[in-house]
Structure formats: C-alpha cells, structure tokens
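Open the structure in your viewer and keep the selection tool at hand. Each stop below says what to select and what is there.

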Amino acid sequence: MDLGEINPVLLVASLMVAATPLLLAAIGELVVEKAGVLNLGVEGMMIVGAISGFAISVETGSPWLGFVAAAIGGAVLSLLFVLLTQVALANQVASGLALTLFGLGFSALLGQSYVGIKPPSMGDIHIPVISDIPVIGPILFQHDPILYVGIALTAAVWATLKYTRVGLILRAVGENHDAAHALGYKVIKIRIMAILFGGACAGLGGAYISLIRVPQWTEGMTAGVGWIALALVVFASWKPWRALLGAYLFGGITVLQLNLQAAGVAIPVEYLAMSPYIITILVLVILSADKSSAPASLGRTFHASH
Amino acid sequence: MKFTTLLASAAMALGLASGAMAQDKTKVGFVYVGPVGDGGWTYEHNKGRLAVEEHFGDKVETVFVESVPEGPDAERVMTQMALEGADLIFTTSFGYMDPTINVAKKFPDVKFEHATGYKTADNVSVYSARFYEGRAVQGHIAGKMTKSNIIGYIGSYPIPEVIRGINSAYIHAKKVNPDVEFKIVWAYTWFDPAKEADAATVLIEQGADVILQHTDSTAPQAAAQEAGNVVTFGQASDMSEYAPFPRVSSIIDNWAPYYIARTQAVMDGSWATVNTWDGIAQGMVEIGEISDAVPADVKEEALAMKAAMAAGEYHPFTGPLKKQDGSDWLADGEVADDGTLAGMNFYVEGLEGEIPQ
C-alpha cells in the first residue's frame, strides 16, 4: 500500500470529469421536475444524445457540432415524451420508462456503423498564466469546455429559478398547475419547454461520455447514469447546487475508490465499491433535513378543463 | 409451490402445443449479460448464435435477450424463453448459475447450458474456455513490453475465472521480468464503459503502461489510446479496431463450434449433461494476431508458448509455484489439477493485495 502513488491533483481533475455527465443530466431533470413533470426517460435521452453527438462529430470532425447535435437529439427524443404526456395525457411514469427502452434500442440501431471509431478530440482549454499555476491550474483551469458548461448551467438554473420571473412561473406551474392556469399561465407550454430543456441537457451528458470520458461508442454505454441522475435530483431536494455537490461526491468517490484499490489500500473492496452510493445518499439526506419537499404537482397530469 | 406447478403445467401445455406444430424447428435461446454490440464477451457469444443460424438454416430458430442483469431478473427471462418453447437455452454469464439451476428444475424437458459456472443437473451442462492459457501469452508479452514495470489489471468480479486469469498473467510476466508489479482494480461490473475507462485511467495515472482487462467493453482500449504510450490486449473478442496499438494481441473466445455441436445433439436426441472446458488445443480459445508493435523475438516466444499449449506440452500452472501466503502449492514440474483451477480462490506468490471475499 502506498498512498503516495495517488496524485491528488490528477484525482481531483478526473473526479470532475467523472461527475460531469451526471451533473448535466441531473440539472436538466431538476428543471423538468420543478415544472411538475416526472420524466423517467433520462437514460434513454442520454444514450440517444451519446450516439447523435458521436455520429455528428465523427462525420463533421467537430466535437462542438457533436455536442449541439447531442442536445438536439436528446430534445427530439423528449418531444416523444411531450406528445405522450402533454398532448395525449398519458401516464408520465409509463411514458418515461418507454422512452428509456426506446432510446436504448434506437441508439443501438443508429450506432451500428460507429463501433470502434475514434471521435475527434475536443482538447482542453489552456489559458496562459492561470492554467500554469501549480495545483490550482490543473484542477480548475485545464479541462474541456463542456465541463465548465455544466457548472455554468448549474449557476444559471439556480439563478433563474430563484431570482427571475420565468423561474417563479416555472415553480408555480410545478407546485400548483391549477392555480397557475387560473392566473393565465400556459401550463402545457411551459412544461413542454422544460421537458425539451431536460432532454437537451441529458443529451449533452450522454455525449460527454461518448466524446470525452471514454471516448468511443458502445451500445448501452451510459450503463445506468441516467437512473443515478434521477435519484440524485430527489436526494438533492430539487436544489441545483446540491445536485452539483451530489454529482461531484458521487463522481469523486467513484474515482477515489478506484485509486485506493490500485494503490492497494487495505479496505475491503466491497465497501469501496458501494461507497459512492452510500456516501452520496448519506450526505444529501443529512442536508435535506431542512424539510424541502417535492414540487406539489410532480407527476400529475394537467388538463385545462378541470 | 402452486406457482411452480402452474408454470410447469403451462409449460407442458405449451410444449405439447408447440411440439405438435413445430416439430421440425429447434428453438435455441441465448441470455446475454451485455449488449450484443459490446465488442467483447457478448459480441462473441452472439457470433456463435449467428453461426448456429447459418449452419442449420431453416431447421433452427434462435432468440436472444441482451443486457440481462445477473439476479432474479435473469430467472424471469429464462422462464419466458422456456415458456415460449425454447428447446435449448444458453445462459452466458457466471452470475446466471443459480437462476439457471432454478429454472431448469421447472422445465425438465428443456436443455440448459451455463457458461463459466460449475453447477450441473440432469438438464444443465456447463461449458467454459481455458482463458488462462491466453492469459499466459498476454502475461509474457506484458512482462517484456512494460517499461515502468507496473501492469494494471481491471477485474470484474472476484470469481475463480478472473482470479485464474490474474494468476496466469502474473506468473508469466514475472518469469520474464522479475521486477514486474501488478495493480489490480475490481470494477464490480461486466459492462460499464465509463467505469471501465475510469479504471484504466486510474491505473495509467498510477504508472501502469500495460493494461489487462477482464471486463467486456472496449472502453479501456479507448482510454489507453487516449493516454498514448500504453499497451492493451483485446479481451473475449479481437478488438482489432484498436490494433496495431494500443491493442497488441488478444484472447478470442470461439463459441461457434460448441454451440453448433450442442444444437445438433438436441436435434439428434443425444444431448447429455457434460462439463466442457476447452482451450487453445480445441480452438475454443484463440490468440488474436500479435501486432508489429511487439518486438519480433517476443512475438516468436509468445507463439512458441501458444504452440506448446496447443500440443499439450506446456501447462500455464506448472510448479514450482507457491501461494500468496508463501505456502507450497505445486512442486517442481507438477501441474495444477482442474478441480483446484475451477475453484481457484487464492493469488500466487508475489501478487499484492487481497481477493475480496
């Protein structure tokens, strides 16, 4: 056992990479749930984003276009959810599950000819001077741009929900759609926008896995991240910064436990393997002692004639 | 009890019905742990399935279900297959062992074949390949090619099959490079590309310049390619997309001949419970092309070792060998017996760390 073999700077840097797909998907779902919609199709939207982003960036040679395509891909799939739940008023849980199953199968079909191809690399941002600061530079200022997009998105969602009129309306729709409707807000329209936003974020998260974290295309490569994102939103009490904390904790401990294993630390591996789940849940449950609760209309279907 | 009776009678009714009308077609089912496009383990099993279809043409019908979790859900999938009239079901992951036995009890007329396990029954056979022979070749090349003398190993679950691979690779790496050190990480998954890539990255960050994997996807290959100067080996499948570098060779599982033979046995009515464990000699384990990134002399030695194993002249576990705790295992020239290998739950001398229990 030799803890000295773990380079803390590389560790922190790679935990941020491991956390980003989770963060992107969770932030999107958080907005969706704040608007009172429960979309269990995160995993499906992520994997469709992963293949759309991968395919487009391979075809065009531009990772940026790939990420744009991933966001569009995720949003287009969520449009299916919109049709089912907001237009046809179908059950949200069933529709979300269907979306995941469909997304997994559809992405496998799309990805047939992309197995074993290396995507163009996005490269890391390198800002002169501050990127070269020892320790802080590699941790904070030497990442791919999408990682910063994730953090910026968290801040933007937090500020929008808390301080803006749009955020207030969105929350009103999520808390009591009948009251919001009575006030003249277009409940369905607002929810559709939220669902599309959630789809785009999930798509970005998926593409982050296929373009940066792995980078390759393999069927079913999201392997359950979407479900973890869903759980994270609940444990984060629908608060953006807590979602970020949760994602970093989860990603961090995942990478840390692998590091500890490789360094031969004498903790039973079973405990290490389960630690990301346990510690993340524990921390977020303790934080949620302030009795913040779910949006009151979460998962309920809205029909204007009521 | 009632439920099983119900299931059994339903199966019988179905069996009678389908037996009457589909006498000519043999239905073969496959249960996969990952997606067929994983590029590794499941991909090869699926190639075996396609070979069965090609070989028998109209006489056979195959069905498969992919990404089936190892646990109660597997039992549901197998039951469903049996109810739909499958005559022969291949369950292709270690974790399906107990579910296979349970379902087999309910369907005495359906034949089951479980890969890499050790529990048999009247209608359950087991089959596996001697992957450790391929690991010996990998270990030899790895020991010769590492410059940092640190070899990273991504394990899936601490089961005998994986531990055999680690031991075999280590023994042969150590033989050609006494300074070599193995760093082992358990991913606790067969298929999770992001996690497999993370594990590979961690090992590379901690100095490994050769990565061996016992997980199913090609993600560690991609991570090694990204890192640059790291050697990898294809696992279960050739993974030639990553050749000639980082992937310098591979272990290929060739299930097709076995699947065809067993399907034939069901058709002939000659199917009986067997315990098959074939290696390089029978062609169930193949060594993928050794690329030019490997020095010519090393390649030659590796091929010589392969030939010796194929001819039965060399066994990867030949004494003198000691266990990790220093106790004697095999005397000079003694060869490990299959029983010990099948249940292997210890590291050989020199490996660090403990096997998770």
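## Stop 1: chain A

Select chain A. It has 12 helices and zero strands. (Helices are DSSP runs of H or I with at least four residues, strands are runs of E with at least two, and both are numbered from the N terminus.) This is a predicted model, in which local features need pLDDT of at least 70, side-chain atom pairs count only at pLDDT 80 or more, and totals for chains, interfaces and linings use all residues. Residues are numbered from 1 along each chain as its sequence is written, while chains are lettered from A and ligands numbered from 1 in the order in which they are written.

Colour by burial. Of the 306 residues in chain A, 51% are buried. (Buried means 20 or more other C-beta atoms within 10 Å of the residue's own, exposed means 12 or fewer, and partly exposed lies in between; C-beta atoms are placed from the backbone.)

## Stop 2: helix H10 of chain A

Select residues 225–235 of chain A. Eight of the 11 residues in this helix, H10, are buried, so it is largely enclosed by the rest of the structure. Among them are Val225(A), Ile228(A), Leu232(A) and Phe235(A). What do the buried residues of H10(A) pack against? They pack against H1, H2 (42–60), H9, H11 and H12 of chain A, together with helix H7 (193–205) of chain B. Step past the helix to Ser237(A), where phi is positive, near 50°.

## Stop 3: where the chains meet

Show both chains. The contact takes 32 residues from chain A and 32 residues from chain B. (Residues are in contact if their C-beta atoms, placed from the backbone, lie within 7 Å.) On the chain A side, H1 (8–34), H9 (187–213), H11 (240–263) and H12 (269–287) each give two or more residues. H11(A) gives the most, with seven residues. That side divides into 17 nonpolar, 10 polar and five charged residues. (Ala, Val, Leu, Ile, Met, Phe, Trp, Tyr, Cys and Pro count as nonpolar, Asp, Glu, Lys and Arg as charged, and the others, Gly among them, as polar.) The model scores ipTM 0.81 and pTM 0.84.

## Stop 4: chain B

Chain B averages 90, and 94% of the residues score at least 70. Now select residues 14–22 of chain B, where pLDDT stays under 50. Where pLDDT is low, the predicted coordinates should not be read in detail.

Next, colour domain 1 (2–13 + 20–130 + 255–278) and domain 2 (131–252 + 285–342) of chain B. Their bounds come from an automatic or database domain assignment. The two centres, taken over C-alpha atoms, are 30 Å apart.

Finish at strand E6 (residues 150–155) of chain B. Six of its six residues are buried, so it is largely enclosed by the rest of the structure. E6(B) pairs with strand E7 (residues 181–186) of chain B in the parallel sense over six bridges. (Pairing requires at least two DSSP bridges between two strands.) Zoom in on Tyr153(B): its bridge partner in E7(B) is Ile184(B).

How values were computed: Two residues are in contact if their C-beta atoms, placed from the backbone, lie within 7 Å. pLDDT is the predictor's confidence in each residue, from 0 to 100.
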